[in-house]
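My notes follow in the order I looked things up.

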Amino acid sequence: MDQLCYKVLKDVGYSGYILEKAPEKVLQFGEGNFLRAFVDYWFDMSNEKAGWNGKCVLVQPIGGGLAGLINQQEGLYTLYLRGRENGEKVDRKRVISSVSRCLNPYESADFDAMMEVAVSDDLEYVVSNTTEAGIVYDPACQLGDRPASSFPGKLTQVLYTRWKAGKSGLVILSCELIDNNGKELLKCVNQYIDQWKLEDGFKKYVNDDCLFCSTLVDRIVPGRIRDPEEVKRLDEQNGYTDPLTDVGEVFGVWNIEGPAWLEEKLPFKKAGLNCPVVPDVTPYKKRKVRILNGAHTGFVLGAYLAGFDIVRECMEDDDVRGFMNKMLHEEIIPTLPLDKKDLEDFASAVQDRFNNPFVNHELMSISLNSTSKWRARNMPSFLDYVEKTGSLPACLTMSFAAYIAFFSNDIQALTDKGLVCKRPKGNEYVCSDDGWALEFYYAHKDDSVEDLVHAVMQNEQMWGQDLTKVPGFELATVKNLKLIREQGAKAAYASCL
């Protein structure tokens, strides 16, 4: 069977949207599964729905990567978006044709090609996702390196070459999962400008003519299809092989921080895509952390004790699903500073995302580092609710008790791998967290419920404050923990409904 390329698509009679030739408008640092299922998908949809007529040139951020394979397939790859929408199972296939080629700048010819793209009149955007460690300033990088080893160093080289050629400024869209990713990238570029003693005119160009946007990305991308039988079946259906096949969930949103004019310049709004340009992405990050991530941390620990193993199973149970939805809609959303309908829509999509029939998301994988997660994701909602209403939120309060129960249920041992506990149904499980937190729970394994709750809530290393000072919280947690231990977490969750 032939490998995917434009000729093979024509030979097999592919009837979907394809754009073979278009100007190269995007220089994209990163060629991995996430960007190909997210950014390149948005641009591909913009070509079809908005007549954007553009291509993305991908750049390997490190020496080893996918350039050879991407070029072999002429930039084409198959994307499956899978999950649920409005409760209905969805499995969409699309061949993405928004990528023109991929460059490996660690090869001399491709470094030169990257600089040719840099001075092109067609170029409008730079996009990046070089992992959380990608936006770093490395003083070892020099202007004459071919290329600079760090991504900000490479970007500075690209922008300097473009400035010297007298070309217009670019819009830079950072997708790395760090706070203020665009601002942090600009900070690194300015450090290289100073270190390399580059002209004041170039510094003005970077800071005034170029627009560095912080963005917030949200799509779960499992990536490769791992089942060889499924790969074989899909190849037979498609009539070609595609080792670059990518898989993402159906849901996707890209919040881009920038001025109002940017929304009209970008093709996404015209294409009807969920990529709003906003003055500040911070509230949207808070929305994601408190609703999506907070939902996970809020229910999975008790759900695991109740006998569930994967997220989808939890969404099929009336008590656990009801507990999560009440926590989101009645306790978390009222504390957030965004449009209520926007928040309700986002929260409603969470149930579909968690009920994805194509993803087996294990509760134990979500349980990693739950102490810091509960503090960052759930405690702010809890405290804001208390401040706003003067009362305790039933589900978040129960969630805290479930957190304690998870780390203290029939403790067996403390090992190099973590704290070994035993589930009510009999099997052992290993809690993974900061060493000091595991040592704390092991030291308190013989405490009464009252003493354990008091010690946990007074531990300021865990929470940054003494939670016993929240009126009624300690007594409620003692009551809830006893309920979990005596009747089970499922019954405890049901008691909140």
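At what angle do the axes of helix α11 and helix α14 cross, and within what distance do they come? I note first that this is a predicted model.

**Entry: α11 and α14**

I took α11 as residues 282-305 and α14 as residues 340-354. Their axes cross at roughly 40° and come within 11 Å. An angle under 35 degrees would count as roughly parallel. I therefore logged α11 and α14 as oblique to each other. The crossing of α11 past α14 is right-handed.

Next I listed the residues that meet. From α11 I have Tyr284, Arg287, Lys288, Ile291, Leu292, Ala295, His296 and Phe299. From α14 I have Asp342, Leu343, Phe346, Ala347, Val350, Arg353 and Phe354. I sorted this α11 contact with α14 by class: 10 nonpolar residues, 1 polar and 4 charged.

**Entry: α16 and α17**

I moved on to α16 (residues 370-389) and α17 (residues 394-406). Their axes lie 11 Å apart, and the packing angle is about 165°. That makes α16 roughly antiparallel to α17, because angles over 145 degrees are classed that way. I recorded a left-handed crossing for α16 past α17.

On the α16 side I found Ser370, Thr371, Trp374, Asn378, Ser381 and Phe382. They meet Leu396, Thr397, Ser399, Phe400 and Tyr403 of α17. The α16 contact with α17 has no charged residues; I count 5 nonpolar and 6 polar.

**Entry: α19 and α21**

How do α19 (residues 449-458) and α21 (residues 473-487) cross, and what angle do their axes make? I read roughly 130°, with the axes coming within 9 Å. The pair α19 and α21 is therefore oblique. I have the crossing of α19 and α21 down as right-handed.

In α19 I picked out Val449, Glu450, Leu452, Val453, His454 and Met457. Their partners in α21 are Phe473, Glu474, Thr477, Val478, Leu481, Lys482 and Arg485. By class, the contact of α19 with α21 comes to 7 nonpolar, 2 polar and 4 charged residues.

**Entry: Ser46**

Is Ser46 buried or exposed? I find Ser46 buried, at a relative accessible area of 0%. Ser46 sits in helix α3, residues 39-50. I traced its side chain to the backbone oxygen of Trp42, at 2.9 Å. I then skipped neighbours within four places in sequence. Beyond those, Ser46 is in contact with Gly51, Trp52, Pro267, Phe268, Ala271 and Leu273.

**Entry: Ala437**

I placed Ala437 in helix α18, residues 435-443. Ala437 counts as buried because its relative accessibility is 0%, and the cut-off is under 20%. Outside four places in sequence, I found Ala437 in contact with Thr371 and Met462. Thr371 is also on my list of α16 residues that meet α17. I checked Leu419 as well: Ala437 and Leu419 are 18 residues apart in sequence and 9.7 Å apart, C-alpha to C-alpha.

**Entry: Gly65**

Where is Gly65? I located Gly65 in the loop between β2 (55-59) and α4 (67-72). Gly65 is partly exposed, with a relative accessible area of 47%. Leaving out residues up to four places away in sequence, I saw Gly65 touch Glu31 and Gln60.

Methods. Residues are numbered from 1 along each chain as its sequence is written. This is a predicted model: local features need pLDDT of at least 70, side-chain atom pairs count only at pLDDT 80 or more; totals for chains, interfaces and linings use all residues. Side-chain values use heavy atoms; hydrogens and water are left out. Helices (H or I, at least four residues) and strands (E, at least two) are DSSP runs, numbered from the N terminus. Buried means under 20% relative accessible area, exposed over 50%, partly exposed in between (1.4 Å probe, protein chains only). A polar contact is a pair of N or O atoms within 3.5 Å; within protein, one must be able to donate a hydrogen and the other to accept it, and residues adjacent in sequence count only if both atoms are side-chain atoms. Contact means heavy atoms within 4.5 Å. Axes are lines fitted to C-alpha atoms, for helices over the stretch in contact, and angles run from 0 to 180 degrees between N-to-C directions. Angles under 35 degrees count as roughly parallel, over 145 as roughly antiparallel, 65 to 115 as roughly perpendicular and the rest as oblique. A crossing is left-handed if the near helix is turned anticlockwise from the far one by less than a right angle, and right-handed if clockwise. Ala, Val, Leu, Ile, Met, Phe, Trp, Tyr, Cys and Pro count as nonpolar, Asp, Glu, Lys and Arg as charged, and the others, Gly among them, as polar.
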